[in-house]
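Hi everyone, thanks for coming. I'd like to walk you through one protein model this morning, so please have a look at it with me.

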Amino acid sequence: MPELQYFNVSLPVEYVAHVEINRPEKLNSFFQAMWHELRQVFECLSISPLVRAIVFSGAGAKAFTAGLDVQAASQSGVLAANAEHSNLDAARAATLIRRQLLEFQDCITAIERCEKPVICVLHGYTYGLGIDLLTCADVRICSDDTRFSVKEVDIGLAADVGTLSRLPKVVGHYSWVKDVCLTARVFGAEEALRVGLVNAVYPGKAKAVEEGIRWASVVASKSPVAVQGTKELLNWSRDHSVQDGLRYTQIWNGAALQSRDVPLAMQAGMKKRKPTFEKL
């Protein structure tokens, strides 16, 4: 793992990594260096044999993340594009902005691309970029003080890092998605639970993090071949037809079913004992 400035990474139990956004004095708001570091963290954990599941949360009592640090972004990066590219014609300026957005999107997508399942534990302010991040995760839970908002229309833009593409698929409720995206209204933990944005709501951040680690430890106790294959196949099938998903599963399991984990898990089940799987 490279030296980190804006994230904490720990191993609270065997095979479980806990990643914390660590800028609480700024409500964990993001600027360019942070999303590059985020990608480094998840790319590293994705291939680490010491990690089988990941808990993702925010440091401090007030926020998972308040979203983009607008002041920093307006001085450099995509939000400063008008000033930076004022001497270029529209086509060239658009090309540079597109490249910047592609880089930003790729950094955030590192969470979804990570081979290991990620559970996002939310609390406090979860605004703007926070929605982009949580929709990349595999499972979401929150504390009862969580406040959500797809905030981008309030700063004059359409959300462009993943929310508009992923949120409808997460909740399956287009009318509700359009409501929260078009109005930027704040909604709470109970509404998030009702529409399926989160799986559960807990009394306070500490309890939510505890439950996130418990869930991750359960997943980490399973065959890493089976778990990582399941995540890959679910994500593929979400974006393809049923027939495409079935075909891809044939190809994937043509290799994965040759794992020693299959007979090991079956024998452990018959003997009612906990199996121990090799690192992957």
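I'll go through ring contacts, then cysteines, then salt bridges, and end with a surface patch.

A word on the ground rules before we start. This is a predicted model, in which local features need pLDDT of at least 70 and side-chain atom pairs count only at pLDDT 80 or more, while totals for chains, interfaces and linings use all residues. Residues are numbered from 1 along each chain as its sequence is written, and side-chain values use heavy atoms, with hydrogens and water left out.

Let's begin with the aromatics. Searching the whole structure turns up ten aromatic pairs. For a pair, rings of Phe, Tyr and Trp (its six-membered ring) must have centres within 6.5 Å; planes under 30 degrees apart count as stacked, over 60 as edge-to-face and the rest as tilted. Take Phe148 and Phe187: their ring centres are 5.2 Å apart and their planes meet at 10°, so this pair is stacked. When I say helix or strand, I mean DSSP runs numbered from the N terminus: H or I with at least four residues for helices, E with at least two for strands.

Buried here is under 20% relative accessible area, exposed is over 50%, and partly exposed is in between, using a 1.4 Å probe and protein chains only.

Phe187 has another partner, Trp176, in an edge-to-face pair with 5.0 Å between centres and 80° between planes. Here the link runs from Trp176 in helix 7 (residues 174–183) to Phe187 in strand 9, eleven residues apart.

Elsewhere, ring pairs join Phe42, Phe56 and Phe64 into a cluster. There is also a charge over a ring: Arg52 lies over the face of Tyr15, 3.8 Å from the ring centre. The test for that is NZ of Lys or CZ of Arg within 6 Å of the ring centre and within 35 degrees of the ring normal.

On to the cysteines. How many disulfides does the search of the whole structure find? Zero disulfides come up, with a disulfide taken as a pair of cysteine sulfur atoms within 2.5 Å. For Cys136, the nearest cysteine sulfur is that of Cys120, 9.3 Å away. Cys142 is buried at 0% relative accessible area, and Cys136 counts as buried at 2%. Cys136 is part of helix 5 (residues 129–136), where eight of eight residues are buried.

Now for the salt bridges, of which the search finds 19. Each needs a side-chain nitrogen of Lys or Arg within 4 Å of a carboxyl oxygen of Asp or Glu. Asp138 and Lys231 make one of them, with their closest N and O atoms 3.0 Å apart. Asp138 is in the loop between helix 5 and strand 7 (139–143) and Lys231 is in helix 10 (residues 224–238), so this bridge ties together parts 93 residues apart in sequence. Asp138 is partly exposed at 26% relative accessible area, whereas Lys231 is buried at 7%.

For a local example, go to helix 8 (residues 189–195), where Arg194 and Glu191 sit three residues apart, about one turn of the helix. Their closest N and O atoms are 3.9 Å apart. Arg194 counts as exposed at 62% relative accessibility, but Glu191 counts as buried at 16%.

Glu278 and Arg260 form a salt bridge too, at 2.7 Å from N to O. Glu278 is in the segment after helix 12 and Arg260 in the loop between helix 11 and helix 12, 18 residues apart.

Last stop, the surface. Leu257, Val262, Met266 and Met270 form a nonpolar patch with about 440 Å² of accessible area together. Patch members have over 30% relative accessible area and no salt bridge; nonpolar side chains (Val, Leu, Ile, Met, Phe, Trp, Tyr) are joined within 5 Å, like charges within 9 Å. Areas come from the Shrake-Rupley method with a 1.4 Å probe, and for residues only the protein chains shown count as cover. Leu257 lies in the loop between helix 11 (242–256) and helix 12 (261–270), and counts as exposed at 56% relative accessibility.
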